[in-house]
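Take a look at the picture first, and then we'll go through the parts one at a time.

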Amino acid sequence: MRYAILSDIHGNLEALRAVLHDCAGRTDAVLCLGDTVGYGADPLACVELVAEQARATVGGNHEYAVAGRLGMTWFNRYARVAAEWTQQQLDEDHRAYLGALPLITELGDATLVHASPAQPDEWDYLVTAEDGFAAFASFATRWCFVGHSHVPGAWSLGSAGPEHHPGAVRLQSERGRRYIVNVGSVGQPRDRDPRAAYAIWDVEAGWLEIERVAYDVSTARHKIVEAGLPRFLADRLTAGS
Ligand code: ZN
């Protein structure tokens with residue numbers, strides 16, 4: 001069984017289509033770690049495509065904000081403008097659907113969560129080595145897949161000690177070790193690589209690989225500007241930051 005694990009699509013339909021094309025034929029099912037909306041110009045199309053294709057989906061802070069379950073006061077200016085715009089693009093049913101997504105779920109030997117498994121509704125970022133190591137006590141599965149920071153990386157814990165792999169690209173799991181993996185962002189990468197990021201996880205073989213996919217950035221940019229969203233949100237796609 002091979003899963004494509006997608007996170008932080010953020011309304012970027014060009015990136016989402018490129019990733020779904022890239023994983024088709026190489027994976028058996030799609031998992032989604034939230035923030036399907038916000039920032040990009042195609043929230044509706046992205047929500048519908050993910051709802052149609054994903055075997056399991058958890059909600060992110062952007063879903064919860066758009067659904068009215070999370071105040072926007074702590075969002076920065078760009079995120080707030082985008083979330084308010086996104087709210088208007090979605091009808092009542094779509095907002096209710098997003099607001100009803102679980103924040104954390106288990107699938108086989110994996111935990112899926114947008115932010116941290118410790119307190120999913122606190123929206124903490126796992127960035128440093130310590131952030132990741134501290135989170136292991138909060139889930140019981142062998143794997144935990146997260147998004148939220150838009151930066152791929154991995155942490156593992158076992159009898160040989162803790163390991164942190166910032167920018168991890170390929171992992172082969174070892175007996176007796178557990179893993180947290182940030183799969184990066186499909187629609188708004190922030191690791192200075194503008195290509196869409198997602199993970200392929202082979203359950204039986206025990207490996208995981210972060211894939212990068214070039215997509216039509218200029219169309220995604222153009223749509224953001226045309227929608228009247230902040231130009232910064234278009235520019236950062238080119239920089240991948
Ligand atoms: Zn995000």
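Two strands pair if DSSP finds at least two bridges between them. Helices (H or I, at least four residues) and strands (E, at least two) are DSSP runs, numbered from the N terminus. This is a predicted model, where local features need pLDDT of at least 70 and side-chain atom pairs count only at pLDDT 80 or more, while totals for chains, interfaces and linings use all residues. Residues are numbered from 1 along each chain as its sequence is written, and side-chain values use heavy atoms, with hydrogens and water left out.

**The sheet around β10**

Let's begin with an open sheet of six strands, in the order β4-β5-β6-β10-β7-β8 and with mixed pairing. Its edges are β4 (104-107) and β8 (163-166), each of which pairs on one side only. On average, neighbouring strands here are turned by 15° against each other, direction ignored. For such angles, axes are lines fitted to C-alpha atoms, for helices over the stretch in contact, and the angles run from 0 to 180 degrees between N-to-C directions.

Strand β10 (residues 178-182) has four of its five residues buried, so the rest of the structure largely encloses it. Buried means under 20% relative accessible area, exposed over 50%, and partly exposed in between (1.4 Å probe, protein chains only). Strand β7 (residues 153-157) pairs with β10 in the antiparallel sense over five bridges, whereas strand β6 (residues 143-146) pairs with β10 in the parallel sense over four bridges.

| Residue | Bridge partner in β10 |
|---|---|
| W143 | Y179 |
| C144 | I180 |
| W155 | I180 |

**The other sheet and its helices**

Another open sheet has six strands too, ordered β3-β2-β1-β11-β12-β9, again with mixed pairing. The edge strands are β3 (54-57) and β9 (170-172), pairing on one side only. Neighbours in this sheet are turned by 25° against each other on average, with direction ignored. Within it, strand β11 (residues 196-202) and strand β12 (residues 207-213) form an antiparallel pair over seven bridges, and D202 stands opposite W207 in β12.

α1 lies across β1 (2-6), β2 (29-32), β11 and β12, and runs at about 30° to β11. Helix α2 (residues 43-53) packs on the sheet and touches β2 and β3, its direction making about 110° with that of β3. Contact, by the way, means heavy atoms within 4.5 Å. The buried residues of α2 are P43, C46, V47, L49 and V50, and their cover includes α1, β2, β3, α4 (77-89) and α5 (92-99).

**What's inside**

A nonpolar core is a set of buried Ala, Val, Leu, Ile, Met, Phe, Trp, Tyr and Cys residues joined through side-chain atoms within 4.5 Å. The largest one here has 39 residues, and L6, I9, L16, V186, Y198 and Y215 have the most contacts inside it. Helix α1 (residues 13-23) supplies the largest share of this core, seven residues. There's also a second, separate core of 22 residues, which includes I5, A110, F145 and A168.

Which residues does I9 touch, leaving aside its neighbours within four places in sequence? I9 is in contact with L16, C32, G34, D35, T36, C46, V50, V186 and G187.

**The zinc site**

D8 (OD), H10 (NE2), D35 (OD) and H150 (NE2) coordinate the zinc ion at 2.0 to 2.4 Å. Donors are N, O and S atoms within 2.8 Å of the metal (3.2 Å for Na, K and Ca); water is not among the atoms, so sites may look incomplete. The angles among the four donor atoms are 86 to 177°, and the site is irregular. Four donors count as tetrahedral if all angles lie between 85 and 135 degrees; four count as square planar and six as octahedral if opposite donors are over 155 degrees apart and all others between 65 and 115; anything else is irregular. Along the sequence, the donor residues follow the spacing D-x1-H-x24-D-x114-H.

**Some loop residues**

H10 sits in the loop between β1 and α1, and is buried at a relative accessible area of 1%. H10 isn't a glycine, yet has a positive phi of about 50°. R192, in the loop between β10 and β11, is another non-glycine residue with a positive phi, near 70°, but R192 counts as exposed at 66% relative accessibility.
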